[in-house]
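Colleague: I've got a model open on my screen and I'd like to learn how to read it. Can you walk me through it, one feature at a time?

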Amino acid sequence: MTTVPNILVVDDDEELLLLIKRFLERYDYNVEVAGSGAQMDAAMARRNFDALILDVMLPGEDGLSLCKRVRGASSSLPIIMLTAVTETTDRIVGLELGADDYLAKPFDARELLARIRALLRRATQHQTAANHLPSLLFGNWRLDLSKRELRSKNMTLVPLSSGEFELLLAFLEHPQRLLTREQLIDYARGPAHEAFDRSIDVQISRIRRKIEADKRNPEMIRTVRNAGYIFTMPVENAP
């Protein structure tokens, strides 16, 4: 991540874009704005960004489609989706497509700032820790903290979004312990984050599809009914 983070905000509300840009620039972020998918593509072709703020409702290609496309090209770019306050389905679909977080409109700009800071702070913290603990091993998998990569035993790369990485790391740092959804949100996103149970469920489902031998009968991440989840595998440090 660059010294001064580069943030791209995509929304077709010009007034909102201007407000967000001015607000974030007060806190020393470099901010570019785009009103459509085409403008987003042009901005991303010009420079690398440290986070993407993406509205669901856009003219032409909508935010969910853009999220899927961006995630396919960049597994680690943090993505925060902006959704209508009543559209729970959009939030769930966005998380299924690889978004790391969501914020319902209307929102306080300070809340958006807090979400961005949390995503970037966790990336920096784990990068620092990775200098001392490069990889974690579990089963036939290796999670490389320095590169934020998941690889199979034969070194096949399995892409993880930033949110999936943080959630999997939370499990690996607390193996063979019952973790509630609230604890997982705390570990993976920070204590100030509002709990939305389905967001954790959705991202766990995505992780299971990537690491479990039998996705219908998961053995690594087990559900404890009405309680939470347990990561059952032993975890080892590796150089």
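This is a predicted model: local features need pLDDT of at least 70, side-chain atom pairs count only at pLDDT 80 or more; totals for chains, interfaces and linings use all residues.

Colleague: Why does Arg-181 count as partly exposed?

Modeller: The general idea is a pair of cut-offs: buried means under 20% relative accessible area and exposed means over 50%, with partly exposed in between. Arg-181 has 23%, so it is partly exposed. Its place is in helix H7. Arg-181 and Ile-200 are 19 residues apart in sequence, yet their C-alpha atoms are 6.7 Å apart in space.

Colleague: Then how do I read Phe-23, buried or exposed?

Modeller: Use the cut-off again. Phe-23 has a relative accessible area of 12%, so it is buried. You'll find Phe-23 in helix H1, which covers residues 14–26.

Colleague: And which residues is Phe-23 in contact with, leaving aside its neighbours within four places in sequence?

Modeller: Those are Ala-109, Arg-110 and Leu-113. Take Leu-113: 90 residues separate it from Phe-23 in sequence, while the C-alpha to C-alpha distance is 8.8 Å.

Colleague: What about Ser-135, buried or exposed?

Modeller: Ser-135 has a relative accessible area of 2%, so it is buried. Ser-135 sits in strand S6. Ser-135 and Ser-146 are 11 residues apart in sequence and 7.6 Å apart in space, C-alpha to C-alpha.

Colleague: Okay, now zoom out. How many helices and strands does the protein chain have?

Modeller: The chain has 8 helices and 13 strands. Of its 239 residues, 49% count as buried. If you look at contacts with a separation of 6 or more, residues 24 or more positions apart account for 58% of them. The accessible surface comes to about 11800 Å², and 50% of that belongs to carbon and sulfur atoms.

Colleague: Next, the nonpolar core. What's the general idea there?

Modeller: In soluble globular proteins, nonpolar side chains tend to be buried together. Here, the largest nonpolar core has 26 residues. Phe-138, Leu-143, Leu-150, Phe-171 and Ile-221 have the most contacts inside it.

Colleague: Which elements each supply at least two residues of this core?

Modeller: Strand S6 (135–138), strand S7 (141–144), H6, H7, H8 and strand S12 (228–231). The largest share, 6 residues, comes from H6.

Colleague: I'd like to click on one of those core residues. What does Phe-171 touch?

Modeller: Not counting residues up to four places away in sequence, Phe-171 touches Leu-179, Leu-184, Ile-204, Ile-221, Tyr-229 and Phe-231. There is also a second, separate core of 20 residues, and Ile-7, Leu-82, Phe-107 and Ile-116 are among them.

Colleague: Now cavities. How many of 30 Å³ or more does the structure hold?

Modeller: The idea is to look for space where a probe fits but cannot get out. This structure holds 1 cavity of 30 Å³ or more. The volume of the largest cavity is about 70 Å³.

Colleague: Which residues lie nearest the centre of the largest cavity?

Modeller: Asp-100, Arg-122, Gly-163, Ala-188 and Arg-189, out of 13 residues that line it. The elements giving two or more residues to the lining are helix H5 (109–130), helix H6 (162–173), helix H7 (181–189) and helix H8 (197–211). H6 gives the largest share, 4 residues. By class, the lining has 4 nonpolar, 4 polar and 5 charged residues.

Colleague: Last topic, the backbone. Which peptide bond is cis, with omega near -5°?

Modeller: For this you read the omega angle. The cis bond runs from Lys-105 to Pro-106. Pro-106 is in the loop between strand S5 (101–105) and H5.

Colleague: And what is phi of Met-155 near?

Modeller: Near 70°, a positive value in a residue other than glycine. Met-155 belongs to the loop between strand S8 (149–152) and strand S9 (157–158). With a relative accessible area of 46%, Met-155 is partly exposed. Check Gln-176 as well: its phi is near 55°, a positive value in a residue other than glycine. Gln-176 lies in the loop between H6 and strand S10 (178–179).

Terms used. Residues are numbered from 1 along each chain as its sequence is written. Side-chain values use heavy atoms; hydrogens and water are left out. On a 1 Å grid over the protein atoms alone, a cavity is a set of points where a 1.4 Å probe fits but cannot get out, and a pocket is an open set with protein on both sides within 12 Å along at least five of seven lines; lining residues have an atom within 4 Å of a point. Grid points are joined across faces, edges and corners, and a volume is the space filled by probe spheres set on the points. Ala, Val, Leu, Ile, Met, Phe, Trp, Tyr, Cys and Pro count as nonpolar, Asp, Glu, Lys and Arg as charged, and the others, Gly among them, as polar. A nonpolar core is a set of buried Ala, Val, Leu, Ile, Met, Phe, Trp, Tyr and Cys residues joined through side-chain atoms within 4.5 Å. Buried means under 20% relative accessible area, exposed over 50%, partly exposed in between (1.4 Å probe, protein chains only). Contact means heavy atoms within 4.5 Å. Accessible areas come from the Shrake-Rupley method with a 1.4 Å probe; for residues, only the protein chains shown count as cover.
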